[in-house]
Amino acid sequence: MSNEKLLEQVAKVSAETAVKTALEYMEQKQLKEQKNRRDMRLRNTKLLLKHYRSFVLHSKDLQIELDELEVPDDVFEEMHSNELVVESIKRSKKRTLAMVKFIDQMLRVYQVLCEESGRDEEVRKYKTIFYLYISPEKLSAEEVSERHNIDKRTVYKDVNKAAEALSSLVFGIDSITMNR
């Protein structure tokens, strides 16, 4: 075999190996990014649950506050920048109110799904997040474990599984594609 053909063959094998390695690297990177996005959605769902009670308390008076923020146009004629501040506050409060309503709706959907599943474990998962994050009376993980006659670690496993299911409801198709 001539040196030219040998060099050609070495170059071809090297190029194929480089392309294969680059594709594998890109695939691994993409999988890692998908996992990070999925983890972020799960963390966000847990964060929403953790702060649910405070969101609800805050949202109870929001509609009244929004109505009070309605200021006649002539008041801000000279202070145009202050009008932008008020509008920004109103948008923030409206988003909070909309978010609480949406979370409430998704929690009701999750409750129905759990109850209609016919599986005690699913009902327990809903009740676990209900007692920990939603009910007026906040229970500790230990109190929930006693109430359900399960180990405390099972409470945290139930929270993780419930948060994953709620992520699907809250984030829709994005959470499903991230679960691969």
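Student: Is Tyr126 buried or exposed?
Tutor: Tyr126 is buried, at a relative accessible area of 10%. Buried means under 20% relative accessible area, exposed over 50%, and partly exposed in between, using a 1.4 Å probe and protein chains only. Keep in mind that this is a predicted model, where local features need pLDDT of at least 70, side-chain atom pairs count only at pLDDT 80 or more, and totals for chains, interfaces and linings use all residues. Residues are numbered from 1 along each chain as its sequence is written, and side-chain values use heavy atoms, without hydrogens or water.

Student: What describes a pair of aromatic rings?
Tutor: The distance of the centres and the angle of the planes. Rings of Phe, Tyr and Trp (its six-membered ring) pair if their centres lie within 6.5 Å; planes under 30 degrees apart are stacked, over 60 edge-to-face, and the rest tilted.

Student: How many aromatic pairs does that rule give here?
Tutor: Three. One of them joins Tyr110 and Tyr126, a tilted pair with 6.1 Å between centres and 55° between the planes. Tyr110 is buried too, at 4% relative accessibility.

Student: Which residues form an edge-to-face pair?
Tutor: Phe130 and Tyr131 do, at 5.7 Å centre to centre and 70° between the planes. Phe130 is partly exposed at 27%, whereas Tyr131 is buried at 17%.

Student: Which residues do the ring pairs link into a cluster?
Tutor: Tyr110, Tyr126, Phe130 and Tyr131.
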